[in-house]
Amino acid sequence: MSTLPERTVASPQPFRAQGSRTGAALGKMLKVALRIVLPVVSIFGLWYGAILWSGLPAFVLPRPEAVLKTLIVDWPLIWEHLLHTLQVAVLGFIMANVVGIGLAVLLVALPIGGLVVMPAAITMRNIPYVVLVSVLALAMGDGIATKVMVVTLAGFFPVLVNTHRGLLAVDPIVLDRMRILDASAWEIFTKVRFPYSLPFIVAAQEITGSASIVIAIAIEWMISRTGLGYLINQAMMQYRGDQVYAVALVAAAISFAVYSLIHYVGDRLNWTEGPDQRR
Amino acid sequence: MSVPISIRGVSCSFGSTQALGTVDLEAEPGEFIALVGPSGCGKTTLLRIVADLEAPSTGSVRVGGEPPSQVRRKKMLGLVSQRPAVLPWKRAIDDVVFTQRIARKAGLPADTLLRDFGLGGHERKRPAQLSGGMLQRVNLASAIAHDPALLLMDEPFSALDEMKREELGEWFGRELVVRPRTVLFVTHHIDEAVLLADKVVVFTPAPGRIREIVDIPVPRPRKSTFRSDPLFVRITAHLRELLFEREEAAA
C-alpha cells in the first residue's frame, strides 16, 4: 500500500502564566455583564431624557417605572392577548415557509415557472398590507384565517427569494460529481441542493420570524378583537400610554426572543458558520 | 479493474463555436493517458464527453465497449476536478462514504482509503479545517471510493503549489500501481504529464485536434529523479517544441 507521509512538526505549547485563566474568565463575565447592562442603561437613559426634554404628558410618554408597574398589574390581560398574537404569528410564519420553500423548489425544478410565479410574488410583496387586510377581511371576515393569510403573504417573499438563490448556489463541480455517480434528482435535491441552501434559508428566517410578530400585531390593530394589536388600540382610546408601552415592551421582547432563537438554531444548521468549521 | 477507451471521430460544437476538432484516440485497459495543449483547445470538453457530461456533435465514445451513459449508470466513472468537489459540511470520512452511498458500491473501507492517502488522524476534519493539499487528497479519495474503472482527471493538481504538486503527483503514480485503473489526465504541466503518463497526447490550438501522441517508454511508477534522466529531458523538450511551434504558427 502506498502511503503519502504527512509532515508533522511538534507545535510549541504557549506559556501560560498562573491565574491567567481566572483573569480570562473574569474578563469574559465582565464582557457579558456589559452586553446586558449597556443596552438597558442606554434605553432607560434615552427614555428619561425624552421625558425631561419633551415635556409631553404622562399619558403620551409615561415614566419607565409606571410602565413596569402596568406590565406587572395587567400581565394576565397582556398574556391572554399575547397568546392570540403568537398563534397568528406562528401559523403565519409556518405557512410563509411552506409557501416560500415550496415555490422555490418548484422554480428550481421548473425554471419556466419563474415567468409566472416571480411577477406575482413581487406584485404581492408590493401591495400595501392595509389593502391586503381590507380585501381579505371583506372576503373572509376578521377571523384567524385572514390574519394568518396576511402574515403568510407578507412573510413568504424573503423565504422564496433566499431559498431559490440557495438552491441554485450549489458548486457546479459538486453537481458534476453527483451526475458521474448517477445520482437521482431526489438525491441531488436532498443531499446537495437543500444543505447548500440552508444558510440562505436561515437568513430568511431571521427576517420573516420577527416580522411575523410585528405584522400580526399590525393586523390585530386594524381588524381584530383579540391580540396585542387590539390591546394597543384599546389602550390608546382610553389614553393609557402606560399600557401601550407595556405591550410594546412585550412585543419587542418576543420579537427579540424569536430572532435570537432562530439565530441560535440557524448557527447549528449553517455549515458556513458552525463551530466545527472554525480552525 | 480497468477498461479500454475508444474515441472515434469525436468533435464538439457549442452553437457556432467549435470547442473540439475531430479526435480519434484509443487507450488500453490500465493505461494512463495525459492530454496536453493550449488553453481552450478542448481537452476538458473531451474529458466531459467521455464522462457523459457533454454530448459529442459527431463521432462516438466507447468505454469497455459501452457508451459513456451506460458506463456512468454502472458507476464505473470517477471524476477529479481542478477544484475539490467535496461537500463543505461533511467531514473527510463522511465525504468518502457519501460517494459509496450514492454509487451504492462499497469499494474500499473509507478509513483505510484515507489512511493510505496520508490523511490518518484527519478523518473527522471538515474541508475548512484542511490544507489545499489535504483537501485535494480527500477529493481524490472520494473520487475513487467506489472503485471506478476509469478515472477522469481535469488538472487535479494545478491549484497546488509546485512542491505539493510534485509530492502528490509522485504519490499518485505509486497509488495507481497498487490500484490500477485507466486514467485520462488533463494537464498544463508537461513535466507532470511525462512523469505520470504512458502516453502524452498533444493537442493543437482551438478547435483542438491531436497533433501527436508521444509514448513514454519507461515503466510506472516513476520517481522524481526521472526528471534528470536524459530521456525525460529529451521527451519534455520535444513536447515543448510541439506546443510552442503550434502557438507560434497560430500567432
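The paragraphs below go through chain A and then chain B.

This is a predicted model, in which local features need pLDDT of at least 70 and side-chain atom pairs count only at pLDDT 80 or more, while totals for chains, interfaces and linings use all residues. Residues are numbered from 1 along each chain as its sequence is written, and chains are lettered from A and ligands numbered from 1 in the order in which they are written.

In chain A, the domain assignment (bounds of this kind come from an automatic or database assignment) gives domain 1 as 23–55 and domain 2 as 64–274. The C-alpha centres of domain 1 of chain A and domain 2 of chain A are 30 Å apart.

Several helix pairs of chain A can be followed in turn. Two packed helices are described by the angle between their axes and the distance between the axes. Helices here are DSSP runs of H or I with at least four residues, strands are DSSP runs of E with at least two, and both are numbered from the N terminus; axes are lines fitted to C-alpha atoms, for helices over the stretch in contact, and angles run from 0 to 180 degrees between N-to-C directions.

Helix α3 (residues 75–109) of chain A packs with helix α9 (residues 228–237) of chain A at an angle of about 135°, the axes being 7 Å apart. That angle makes α3(A) oblique to α9(A), given that angles under 35 degrees count as roughly parallel, over 145 as roughly antiparallel, 65 to 115 as roughly perpendicular and the rest as oblique. On the α3(A) side A:Ile78, A:His81, A:Leu82 and A:Thr85 meet A:Leu228, A:Tyr230 and A:Leu231 of α9(A), where two residues are in contact if their C-beta atoms, placed from the backbone, lie within 7 Å. By class, the contact of α3(A) with α9(A) has five nonpolar, two polar and no charged residues; Ala, Val, Leu, Ile, Met, Phe, Trp, Tyr, Cys and Pro count as nonpolar, Asp, Glu, Lys and Arg as charged, and the others, Gly among them, as polar.

For helix α5 (residues 129–140) of chain A and helix α8 (residues 185–223) of chain A, the axes come within 11 Å and cross at roughly 55°, and α5(A) and α8(A) are therefore oblique to each other. Their crossing is right-handed, a crossing being left-handed if the near helix is turned anticlockwise from the far one by less than a right angle, and right-handed if clockwise. A:Tyr129, A:Val133 and A:Ala137 of α5(A) make this contact with A:Ile215, A:Ala218, A:Ile219, A:Met222 and A:Ile223 of α8(A), and the residues divide into eight nonpolar, no polar and no charged.

Helix α8(A) also has a contact with helix α10 (residues 241–269) of chain A, the axes coming within 9 Å and crossing at roughly 165°, so that α8(A) and α10(A) are roughly antiparallel to each other. The crossing of α8(A) and α10(A) is right-handed. Residues of α8(A) in this contact include A:Leu198, A:Val202 and A:Gln205, and those of α10(A) include A:Ala251, A:Ile254 and A:Ser255; by class, the contact divides into 11 nonpolar, six polar and one charged.

In chain B, domain 1 is assigned as 5–76 + 149–250 and domain 2 as 88–147, and their C-alpha centres lie 24 Å apart. Eight residues from domain 1 of chain B and eight residues from domain 2 of chain B take part in the contact, and the domain 1 side has six nonpolar, no polar and two charged residues.

Chain B also holds open sheets. Strands of a sheet pair through backbone hydrogen bonds, either parallel or antiparallel; here two strands pair if DSSP finds at least two bridges between them. One sheet has three strands in the order β2-β1-β4 (chain B) with antiparallel pairing, and its edge strands, each pairing on one side only, are β2 (17–27) and β4 (58–63) of chain B. The twist averages 20° from one strand to the next. Strand β1 (residues 5–14) of chain B and β2(B) pair over seven bridges in the antiparallel sense, with B:Ser6 opposite B:Glu26 in β2(B). Helix α1 (residues 43–50) of chain B packs on this sheet, touching β1, β2 and β4 of chain B, and its direction makes about 120° with that of β1(B).

Another open sheet has six strands in the order β5-β6-β7-β3-β8-β9 (chain B), with mixed pairing. Its edge strands are β5 (77–80) and β9 (210–215) of chain B. Strand β6 (residues 150–154) of chain B and strand β7 (residues 182–186) of chain B run parallel and are joined by five bridges, and B:Asp154 stands opposite B:Val186 in β7(B). Helix α1(B) packs on this sheet too, touching β3 (32–36), β6, β7 and β8 (199–203) of chain B, with its direction at about 150° to that of β7(B).
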